[in-house]
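Visitor: Hi! I'm new here, could you walk me through this one?
Guide: Happy to, let's have a look together.

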Amino acid sequence: MSPRSAGPAGDEQTPAAPGAAGEPGTPAVPGAAERPGSPAEPDSPAEPLAPVTISARGLACGYRGRPVLEGIDLDVHRGQVLCLLGPNGVGKTTLFRTLLGHLAPVAGTVRIAGRPRSTLSRRETARAIAYVPQLHEPPFAFTALDVALTGCASRLGLLSSPPAAERARAAAALERLGIPHLAERPFTELSGGEQQMTLIARALVQDGAIFVMDEPAAALDLRNQATVLATVRGLADELHGVVMTSHNPDHAFMVASRAVLLTRERRILSGPVDKVLTEENLREAYGTRVRVIDTVDDDGLPTRTCVPSLRPL
């Protein structure tokens, strides 16, 4: 883990105005991953931003023309992890579905690698975005290896079979996540956590520039949570952009450089993790008392943890 950052000088949390959201990502050196807490010299000029992988401007998302969220502006750059947090029912999944193109925006634009999202074909989208859903039910009793192997579909012809190199890539993805022993197990017989790890392996095989991960650690035990979070951090080190959701602020403190926090009143707070995930903001978002405590990780580097109170407000 790395020390945490309050962001570069002048990078303040977005004002908590209804419908106001986001600002461009924290400055990063092009071609270098942005670590959580990469400190900036207060008086030094900002470095150029790394190439944007996904951006939204004036985005409103919802259903049947009725917005659930409005006025969303965000950028995710190569080497950057953005964590989206908020209570159930505030629109996190709706925002994800809009970024992915599963829902048309009510207003505003989404761009992927500089191109309007609406202009990308399915194959181009699959090459750009590796998506990890919360749930997936394959139509056949595929093995875990076969499910991971489907991540290469965008690189194959219509009737082509995966070559040996792709099978090796799928096996390596299972190995990276510590689940090679699941390779020949039917996906439908795996536990929820094992299925989630297999879907992450599929995304690794897909190898998009952007990883969009819907609560990737939600169903996992403590060890596998650590494995997945280390994988997320590794993807940023490999200069992928990562957008993930989580109900656990500790996950954002561990791997994200930026956060977007949706409150129960539909206010949208965006900026560096340490400026967004404060006790006051988390209390407003979740309706419960919390303590944000400074501590150190195994390497003696500063980090933070969030402790909710058992007492009601």
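**A chat about helix H4 and its surroundings**

Guide: The buried residues of H4 pack against helix H3 (144-149) and helix H5 (192-206). Contact means heavy atoms within 4.5 Å, and buried means under 20% relative accessible area, exposed over 50%, partly exposed in between (1.4 Å probe, protein chains only). Helices (H or I, at least four residues) and strands (E, at least two) are DSSP runs, numbered from the N terminus.

Visitor: What kind of model is this?
Guide: This is a predicted model, where local features need pLDDT of at least 70, side-chain atom pairs count only at pLDDT 80 or more, and totals for chains, interfaces and linings use all residues. Residues are numbered from 1 along each chain as its sequence is written, and side-chain values use heavy atoms, with hydrogens and water left out.

Visitor: Back to H4, which residues are buried there?
Guide: Glu166, Ala170, Ala173 and Leu174 are the buried ones in H4. They cover an arc of only 100 degrees around the axis, so they sit on the same side of H4. The arc is that of the directions from the helix axis to the C-beta atoms.

Visitor: And which are exposed on the other side?
Guide: Ala164, Ala165 and Glu175 are exposed on the other side of H4.

Visitor: How far apart are its end C-alpha atoms?
Guide: In H4 (residues 164-176) they are 18 Å apart, which agrees with the 18 Å that 13 residues should span at 1.5 Å a residue. The expected span of a helix is 1.5 Å times one less than its number of residues.

Visitor: What follows H4?
Guide: Gly178 does, with a positive phi near 75 degrees.

Visitor: New topic: what is the phi of Arg64?
Guide: For Arg64 it is near 50 degrees, positive in a residue other than glycine. Most residues other than glycine have a negative phi. Arg64 lies in the loop between strand S1 (52-63) and strand S2 (66-77).

Visitor: Is Arg64 buried or exposed?
Guide: Arg64 is exposed, with a relative accessible area of 81%. Glu215 also has a positive phi, about 50 degrees, but Glu215 counts as buried at 14% relative accessibility.

Visitor: Where is confidence highest and lowest among the helices?
Guide: Confidence is highest in H4, at 97, and lowest in helix H2 (residues 122-128), at a mean of 87. pLDDT is the predictor's confidence in each residue, from 0 to 100.

Visitor: Where does pLDDT stay under 50?
Guide: Over residues 1-32, and residues 37-49 are below 50 too. Where pLDDT is low, the predicted coordinates should not be read in detail.
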